[in-house]
Amino acid sequence: MLETNEITVALPKGRLEKLVQKMFAEHGIRFEFEDRKLTACTADKKFRFFLVKNSDLPTYVRHGIAGIGICGDDVIYESGTTFTKVMKLDCGNTRMCLAGKVGTPKPKPGQKLKVASKFTRFAADYYNSIGTPIEIVKLNGSVELAPVLGLTDYIVDLVETGSTLTANNLEIIDVLKEISVYMIVNPSYYKMRYKEIDELVSLLRGDRR
Ligand code: PRP
């Protein structure tokens, strides 16, 4: 744990970053990451924010370096850790989908599937649970390239607007899970700071002015 009185919050780099920063600002919690700087503090020193790679966020919260984190259940699931979710956010909803080139047939039940994905745990567990044998090719990004270049016919990936699929002549074959964004907490941190965390949740939910 940090030896500080600030409430520590890990934010994921990327598309959620600005949405979450805006949500905090709308409720009077303002902070700016200076050029290339990965930590930022509110003027009243009540909150300190860390900008971390999406997939690393659960690690910071699990170790209590950040007491709070904001991330999707895709990232939580891949981390293999169960966190207390204190709030569901209204922003950043996506869908975990099976996708492929336009016209690729939906796999038949039980048919062996080869997919490229960043979400290997999810893909393995999902298809194992429905009795579909699966081979997964792990990628770390730009997963849509796999069917385009012929690495695999199928991908399991997040779809938000669908524009990346469309731009690459791909389409959704199956929606596997709706993905929401949550505020998660480190359980020990929550025991120590529950009053402030509950107040923050009430503020962000608009329970009080
Ligand atoms: C995510 C996801 C898709 C894309 C979908 O990738 O993995 O590639 O967004 O968004 P869309 O439906 O709005 O087009 P991200 O941008 O996080 O980066 P990555 O390609 O490096 O994984």
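Glu6 counts as buried because its relative accessibility is 9%, where buried means under 20% relative accessible area, computed with a 1.4 Å probe and protein chains only. Glu6 is found in the segment before strand E1 (7-12), and its side chain makes a polar contact of 2.8 Å with the side chain of Arg48. The model is predicted, so that local features need pLDDT of at least 70 and side-chain atom pairs count only at pLDDT 80 or more, while totals for chains, interfaces and linings use all residues. Residues are numbered from 1 along each chain as its sequence is written, and side-chain values use heavy atoms, with hydrogens and water left out.

The ligand is surrounded by 13 residues, the closest being Arg15, Lys118, Glu144, Thr161 and Thr164; a residue is near a molecule if one of its heavy atoms lies within 4 Å of it. By class, this shell has two nonpolar, six polar and five charged residues. Strand E9 (154-159) and helix H6 (163-167) are the elements that give two or more residues to the shell, and E9 provides the largest share, three residues.

| Residue | Protein atom | Distance to a ligand oxygen |
|---|---|---|
| Ser142 | polar backbone atom | 3.1 Å |
| Asp157 | polar side-chain atom | 2.8 Å |
| Ser163 | side-chain N or O atom | 3.4 Å |

Taken alone, the ligand exposes 500 Å², of which the protein buries 72%.

Conventions. Polar contact = N/O pair within 3.5 Å; in protein donor to acceptor, adjacent residues only side chain to side chain. Areas by Shrake-Rupley, 256 points an atom, 1.4 Å probe, with all protein chains shown as cover. Helix = DSSP H or I, 4+ residues; strand = E, 2+ residues; numbered from the N terminus. Nonpolar A, V, L, I, M, F, W, Y, C, P; charged D, E, K, R; others polar. Buried < 20%, exposed > 50% of the residue type's maximum accessible area, 1.4 Å probe, protein only.
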